[in-house]
Amino acid sequence: MKAPWHMLLALALVLGLVAGVVYGLGDRSVLVPPPEATVENFVRKLVPSRCGMAMDHLSDTLSRRISPSELCRLSRALTRQMGCILDVSGEMVRMTGDHAQADAVLKLPHGRTARFRLGLHREHGLWRIQDLGDLATLNRS
Amino acid sequence: VRLTAIALRAVFAYCFLLLILRVAGKRTLGQATPIDFVAALILGDFIDDALWGEVPAAQFVVAAGVLMLTHILTRLAGALNPAMGRLIHGMPVEMVRNGALQRAGMRRERVNPLEVAGLLREISISDRREVECGLLESSGQLSVRPHAWAKEAQKQDLERVREARR
């Protein structure tokens, strides 16, 4: 019967260690997904209109301003304007303290690419999207 | 920076997996039963996301830890309660008795005679008649009890021969 308790203890220890590294040492890209991975994951969920899951990547402030249905409208506008999106990748632009910028690079047919710059903010130890940047303008056009 | 981050994540994931596998016990991921195989498969999938930094390390730790904890509790239930053990691991099925194939068992496990012959060859038995009882274990391996006449000669048999000669 020792193993379950030992496992719980091991988990608590490792979680404590992770929390120490993230909150204590201020880790921004090793034990937490870096800004480019957050942007990539967000756009990967946005493209197939998995808006509820995409909302998880938004900062508290932005998620209060934008609803899942608005995000779905943005998703439809993105796919309407870009057409077939073959792949999505994230690229880091800059990171200063708790703020960062990263590009979502969309791979399109015939070797074309489209690039959208998003602003991020570190919240509860994780990078969250604070500014939709060029993506937000799609909704208006 | 990205390569350093990947290297650090790899070291972290390795150390964490080493820790939970040591805590879980020796047989946990021996892939002895189907449930061990499933646990190993899921654990292998978790590490992929953690290595590329697609999920926070805390999510990886919780997911992998809870999976192993569930696995330990399932195995523990199987060890403490024989009925539960049968439900989790299944029962061995007879494939060969006194050299004859047991068609009912083979049908139940969807095994053909060629596969039985192959399983026997894996344990160095080329003639089915040597087998007194052959069971297909939940690990998918065949465990065999050979007839007394088919057993390999031991050192003590040599002593008996020497004594008989004297």
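Predicted model: local features only at pLDDT ≥ 70, side-chain atom pairs only at ≥ 80, totals over all residues.
Buried means under 20% relative accessible area, exposed over 50%, and partly exposed in between (1.4 Å probe, protein chains only). Just past the helix, S124(B) takes a positive phi of about 60°.

Turning to the interface, 21 residues of chain A are in contact with 25 residues of chain B, contact being heavy atoms within 4.5 Å. About 1,900 Å² is buried between the two chains, with carbon and sulfur atoms giving 81% of that area; buried area is the accessible area (1.4 Å probe) that two parts lose on being put together, summed over both. No salt bridges turn up across this interface, a salt bridge being a side-chain nitrogen of Lys or Arg within 4 Å of a carboxyl oxygen of Asp or Glu. Four residue pairs, both members at pLDDT 80 or more, are in polar contact between the chains. A polar contact is a pair of N or O atoms within 3.5 Å; within protein, one must be able to donate a hydrogen and the other to accept it, and residues adjacent in sequence count only if both atoms are side-chain atoms. On the chain A side, helix 1 (2–24) and helix 2 each supply at least two residues, and helix 1 gives the most, with 10 residues.

Inside chain A, K45(A) sits in helix 2 (residues 35–46). K45(A) is buried yet has no salt bridge, and the nearest side chain of opposite charge, D56(A), is 6.0 Å away; for charge, Lys and Arg count as positive and Asp and Glu as negative, while His and the chain ends are not counted. What K45(A) does have is a polar contact of 2.9 Å with the side chain of H57(A). H57(A) lies in the loop between helix 3 (51–55) and helix 4 (60–65) of chain A, and counts as buried at 10% relative accessibility.

Salt bridges do occur elsewhere: the whole structure holds 13 of them over all chains. In one, D98(A) pairs with R28(A), the closest N and O atoms being 3.1 Å apart. D98(A) is in the loop between strand 1 (87–96) and strand 2 (99–107) and R28(A) in the loop between helix 1 and helix 2 of chain A, so the pair ties together parts that are 70 residues apart in sequence. In chain B, R75(B) and D36(B) meet at 2.7 Å, N to O, in a salt bridge. D36(B) is buried, with a relative accessible area of 0%.

Definitions and conventions. Residues numbered from 1 in each chain as written. Chains lettered and ligands numbered in written order. Heavy atoms only, no water. Helix = DSSP H or I, 4+ residues; strand = E, 2+ residues; numbered from the N terminus.
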